[in-house]
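Visitor: I would like to learn how to read a structure with several chains. Could you take me through a few features, one at a time?

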Amino acid sequence: MSQIFGWTGKILRVDLSTGKTSIDDTMKYKDFIGGEGIGYKILWDEVPAGTHPYDPANKLILGAGPLCGSGVPCSGRTTIVSLLPTSPFHGPGSSHMGGYFSVEMKYAGWDAIVLEGKAPKPVWIRIEDNKVKIEDARWMWGKGIFDTMAMISSQMGKEAQVAAIGPAGENQLNMAVIRTGTSHSAGGHGGILGAKNVKAVAVKGTGSVKIAAEKAKVQELDKFMMSIIGANNQMVVPSHPQPWAEFNSPGSRWTGRPGLFWGAANPPVETGVCDPKDMQSVGFRTQKAVFDLGAGAEKYTVRMGGCAHCPIRCHSQLKVPQLEKYGMDPYVSNTCVGWSGPRGVMAAGGGIKEFDGNGADSSVVGNGIGTTMVDDLGVWCNYGQIGRDVKWFHEKGVFKRVLPAEEYASIPWDLLLKGDPRFLIDFYDRVAHKKGELWHIADGSAWIAQRWGLGDDYWDHKDNKLWTRGGYPVHHSNESAGQVGALISCFTNRDAQNHTHQNFIGSQLPIAIQKEIAGEIFGSPDALDPPQNYTRMNEFKARFVKWALVRGRLHDSLTLCNWMWPMAVSPLKERKYRGDTSLEAQFFSAVTGVTKTEAELDKDAERVVTLFRALTVRAMGTVDMRGKHDAMNKWIYTPDKKDGKEIPQFTKGTIQMEKDDLDKGLGMVYKQFGWDEKTGAPTKAGLEAIGLKDVADELGSKGLLPA
Amino acid sequence: METSDVTASDAPSAVGTVRRDSAAGRLTLLSALRADAARNASLPPAAAEIGQDAPSSAVPADPLDEIGGSGAEDLKRMDGRAETYFFSDLYMTRAYASYLYRLAEKDLVGLVVETVREDSRLYPRPTPLDFFRGPPFTLAQDQLDDILTRIREREDCRDIRECRASNGARYLYSTLHLTVAHAEALTEWNEVGQAENP
Amino acid sequence: MSESKEKEEGLLGSTSSRRDFLRIAGTGIAGAFVTLTLGCATMVRTQDGKNLKVWATPSGAMVQDPNLCVGCRRCESACTIRNDGKASAYVARVKVSRNLNYGVEGVSSAYALANGQHGNFRIVAETCRQCGQPKCGDACPAVAIKVDKKTGARVVDSRRCVGCGACQDACPWHIATLDPETRISTKCSLCDGDPTCAKACPTGSIKFYTWEEAEKLLWGADATSGASAVSGATA
């Protein structure tokens, strides 16, 4: 075999039922890039339609791509692929975690780990380079994730990187996570590990990722990347005016500035000027604690953490001594929804208020309580849906109706209504340990709607934010570039988790510059509307949607972080704020030695998008994607009202969509992918053209190709 | 930024001072440059070292002449009511310099009005009142209240309007560039919606 | 600088070299005489008949500040890309990964309050101290660890390395690392005077310090006792 660069060339397969392990060849999956692409191909080939996610026949793939471990900036992510328990038809889906797991997996010599079957008793998997052992996990079953990681590391060595489930996953909660590191969670697949009796996968690697190009080439690319990278979500303007900056935006995650500190560092560290040309301050520019938790979090900030090989540190790491009063460790870390998920549950009662003598710091303490609970128990929030659901079920009397009276009375609603976050301790204990009836809230919206008899009012209520009857919520949908975000959200079986478009508009650059750049990428500035000032669907927006979907799959396959990539924009005036959208292809070519242009690499990712679509068609058993899968909930295209009068769509100040326009948009996106414009299903010709003839053949044999 | 010191120290003194000040986030005042020049001219040691008699009261070179003659295209001049300011656009953007200029000139109404108009036009977005409480402005709340009162009284500021997000946060916008509905929606999104959609 | 002058400075000019040497040689130093010159190290025989290698002083060493480190490990990948043409954590000359989760000390029952990402978030990296009297070099049976003429760094001559791992075992901090893929030892070479790890660090946590600065940071005041060494003292 000729030398392989980028990829390790090997996939580890663990048959839990027999305890046997085997080695598979990565390169037979090279048309699907890596990570997510490999995962979908394995699902297509090996997991039959109709398989229950918790059935031993389901498989779970922990995947990394060729750029993971190579040192390319923002390449530390792990993509997990399996069937989704929250999906009403158990469709395919991916969950993602940052941290250091996949890099260690690559250094141990594996591009992916495929878990198959079901272990007869609880186990954890020990991987030390090419030595793989299935270990007894009965002694750690039932433990929280933090202690589990410590127990494993005490056996394997402190270098081990661990991906584990908590009680939520063990109990096969649909909304459970697989977690790694101190605060990196992949939501939605924890229950599958539980069903397979796998408490954890732990890995230690002494190897490397080989790089094809001369070192000077990758060093040069790294240097360039470091010059055009922004803050978290590729925001390229600072939150406060700075001498070096032409622009600013109070909403920017580029919060670093003189006078703002990691206040609990010893001594405190000033984030400082963060001039984009100063490579040694890139890690200071995102002070995420004050962004996520407010100015009061500054004094609690020890540092910013994040993932392997990423200079942008988006995880706040705090020391909150007050947590010890609640039996919790004072050190707590998370980012974004890791904080706002549990906090959202408190929003159901009006939000966290002053409690237990914590005064003005109550919010930080409350956030710490919430995130400690979910990270140790391993509960997923379904991108904040759990909080919105608690609010709806509480306010609409659903809880009162469906919970047994005794159970209802035992729940400390008074804490919720008082804004006392100790409610979360009780709440998550019930949910993770499947106590009573309440825990079914973690079945996911689609299942809970059936079980608790929720009607159209649940699905169509705007503040519930549910995108389709698939039971997943918005995640940068119509509020992000109108139809672009809206349509992106239709091509998924869970929250879209697509930041390609969000990183673009989130750059916070003036709209004229954003539109110019959009024009260069998509053919017309009309691809992008100003915020909250939308125009009707057009061809260029459809191209934007396709690009976002393709790059999302590309990043999750390479594996790069889609919360930073692509580099469409930059903080550099001398580049007219342009980034470089070919940088993924340049890094791919340099690292793997397989030279691909931007268009060629996008084509590979388009194959992954199409395969995912085919998997969804197969899982649903229908070609009617437009009617059965992509159909959006009514609130999305219902005009808002002000003073009793409807605010017409496509007027300034409303983001409400219009049904005909969205339907037209779906067709235009289908066309972009070469799918059937009527049904939205991939066609025989389209599948064959993108190298998926076997997929076309199987769909054909099942009558699942559009006429 | 490692080149900044080299450039600055190689340059003639007034030019160097402006660049150093800009790199440190400050405007340079002409009055300060003149004071420096006067002080340098009255210092004898340099002359003494080379064995010449130092004039007891040398006429200092005018920094304006020095800057004008330096050919340093990065140096920009802003004339205020009683003071002249310089900055180097190698180290400070025009936008930032204008903020500092209005602060130095104590033109706080102009600072707020022009910033709000520019934000409404450029991004477009309404400007949170809190923006002016943070750096580099660090205005006190009573200063801001006073500015708002004066804005309301001025005929030429009729386009500046205030709106509030559902959490009570106050924003300003200009009707020259944003409609009421648009400004209100953006205010709510920027202040509340965005945080709920991380 | 002539070799003899360099040798003399290596022996007596640097506090660290002198201290280390005194510790090893006891009082026999006065009668030491040169027997053999090996690159920039010199073999001497003491009065009581011990053979000792005396090393030229390095220009300095890399030191990490745990207060600034964000654990991104860009230093590690940059190091191995430059020095090995591949990305790796295990053979990186700056050791962050192994201490990332549970600190230098490893897992304990008090892990939640101890160093590391699973504790107090403090990330203590270990760097090559370019010891005055390097145990790795002393232990090498193949004389493959030498002094780089330009930087004074103790470097591995890969042509001479026999891959026995004696250097890794001998180093009190196990910084020298046998690359399992090449069976050649790796250790910090100060990148020919332009350390790559420092350039890759996004927070300026890792920096090159002159020998005297580095010595204070790495060994603290009580420099005669290796036991008191605190890795990665706050700069």
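Guide: Let us begin with helix H1 of chain A, which is mostly covered, since 10 of its 12 residues are buried. A residue is called buried if 20 or more other C-beta atoms, placed from the backbone, lie within 10 Å of its own, exposed if 12 or fewer do, and partly exposed in between. Helices (H or I, at least four residues) and strands (E, at least two) are DSSP runs, numbered from the N terminus. This is a predicted model, in which local features need pLDDT of at least 70 and side-chain atom pairs count only at pLDDT 80 or more, while totals for chains, interfaces and linings use all residues. Residues are numbered from 1 along each chain as its sequence is written, and chains are lettered from A and ligands numbered from 1 in the order in which they are written.

Visitor: Which residues of H1(A) are buried?

Guide: Among them are A:Gly35, A:Tyr40, A:Lys41 and A:Trp44.

Visitor: How many residues does the contact take from chain A and from chain C?

Guide: Two residues are in contact if their C-beta atoms, placed from the backbone, lie within 7 Å; here the contact takes 44 residues from chain A and 38 residues from chain C. On the side of chain A that touches chain C, the largest share, five residues, comes from H3(A).

Visitor: In which sense do E13(A) and strand E5 of chain C pair?

Guide: Strands pair if DSSP finds at least two bridges between them; E13(A) and E5(C), residues 86-87, pair in the antiparallel sense over two bridges, and A:Val209 stands opposite C:Ala87.
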